[in-house]
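Here is a short note for a colleague new to this structure. It takes up one residue, then the whole chain.

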Amino acid sequence: MVLTPRQLFLRHQAQTSDFPLLLEIERAEGVYMYGPNGRRYLDLISGIGVSNVGHRHPRVLAGIQAQLDKYLHLMVYGELVQAVPAQLAEAIHKTLPAQLDSVFFTNSGTEAIEGALKLAKRHTGRTELISCLNAYHGSTHGALSITGSESFKNSFRPLLPDVRHIRHNELADLAFITERTAAVVIETVQGEAGVRVPSPGYLPALRARCSEVGALLILDEIQCGYGRTGTMWAFEQFGIEPDILVCAKGMGGGMPIGAFISSTEIMSGFKTNPILGHCTTFGGHPVSCAAALATLQVMQDEKLAEGVDAKAVRFREQLRHPAIRAVRGRGLLMAVEFDSFAVLKPIIDYALEHEGILTDWFLFCDNSLRLAPPLTISEAEIDDACAALLRAIEHIAGGGGVAPGRAS
């Protein structure tokens, strides 16, 4: 008996929940994914912030093909000179402040966080790590340790010691950052907390406090970087610079890649005591780097970040309904808030089944709908998406007796 892909998925592929979407996809293009029967789905979450330039962008495919024709994996990270990873590192550096000139490539965002944590400890000689409540930084042990949700990590203790959590956007909590602190790790814009944008003075005050006590500031832009919030890097909007920057998701155009970036001085700590203080077999894989280089060039040539704010306004202007309690966000990273998960989940399900719209909620904010479409989404596609979402909201929540929505 030949099993279907769905049967194979359920029988042999490890599951992450008892209720996977089970949406079978045969191909994808631009902002759309297609099932085996040809049904089209509009992707409003970009594979959770990955497909910033859309699915299968032609230039990304061309970059991949060009590298496939040369070589695949050759050697563990950092030993051989390979043109594309080196060119990508330079191209990324050119988008950043001058001191962020050393790029360490990884396979994913959580691996980049792990490297950044080790680097901060190595450079400072300190052990304490500080992060925010309701922050999400990944699922490996170190990244999970600084993730700010007890329910998400209690089953996996013991985790890293000497980790403290502070309240996001609370100036009073900055006093907990002391001469014991190796690093503060913070999402420039919180993602899984339901898209929480810091107030204008918070990040500068955090930067000043870290500098005062000699702690490193690690900005996690795995989800909010690479143009998603309207600038190449979200920190550009807050007048600060990190000591270490972490990125992934949108940088690979759909291929797996991440990076942590710092100064040559700080990064040099991995070269001695011990040598190979941090290493990876597949980090900086040439095919992923080729895809990432093409992705960055597409973003720059097509000025995708520059168009984000106008597209976000178009979403906000149309997503008005009595059941919507708030629309939060920065750029094309938005959260549409409802009364509860009990209201939201049927809306998500109806939008997928009846409208062909793929959305999601947030790990630590399950009453809010995630909107993070490819940055390439057109005005017409935004209009179609909003109309479909409003039909789903109206069908599930109706209009009676619910307070007017608001934007924030």
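1. Start with lysine 311. Lysine 311 is buried but forms no salt bridge. The nearest side chain of opposite charge, glutamate 381, lies 7.3 Å away. Buried means under 20% relative accessible area, exposed over 50%, partly exposed in between (1.4 Å probe, protein chains only). A salt bridge puts a side-chain nitrogen of Lys or Arg within 4 Å of a carboxyl oxygen of Asp or Glu.

2. A word on the basis. This is a predicted model, where local features need pLDDT of at least 70, side-chain atom pairs count only at pLDDT 80 or more, and totals for chains, interfaces and linings use all residues. Residues are numbered from 1 along each chain as its sequence is written, and side-chain values use heavy atoms, with hydrogens and water left out.

3. Where does lysine 311 sit? Its place is in helix α11, residues 308-318. Helices are DSSP runs (H or I, at least four residues) and so are strands (E, at least two), numbered from the N terminus. The chain has 13 helices and 15 strands.

4. Which residues does lysine 311 touch? Leaving aside residues up to four places away in sequence, they are Leu332, Leu375, Thr376, Ile377 and Ile382. Contact means heavy atoms within 4.5 Å.

5. Now the chain. Of its 408 residues, 53% count as buried. Among contacts with a separation of 6 or more, 73% join residues 24 or more positions apart.

6. Last, the extent. The C-alpha trace spans about 65 × 55 × 45 Å along its principal axes.

Terms used
Lys and Arg count as positive and Asp and Glu as negative; His and the chain ends are not counted.
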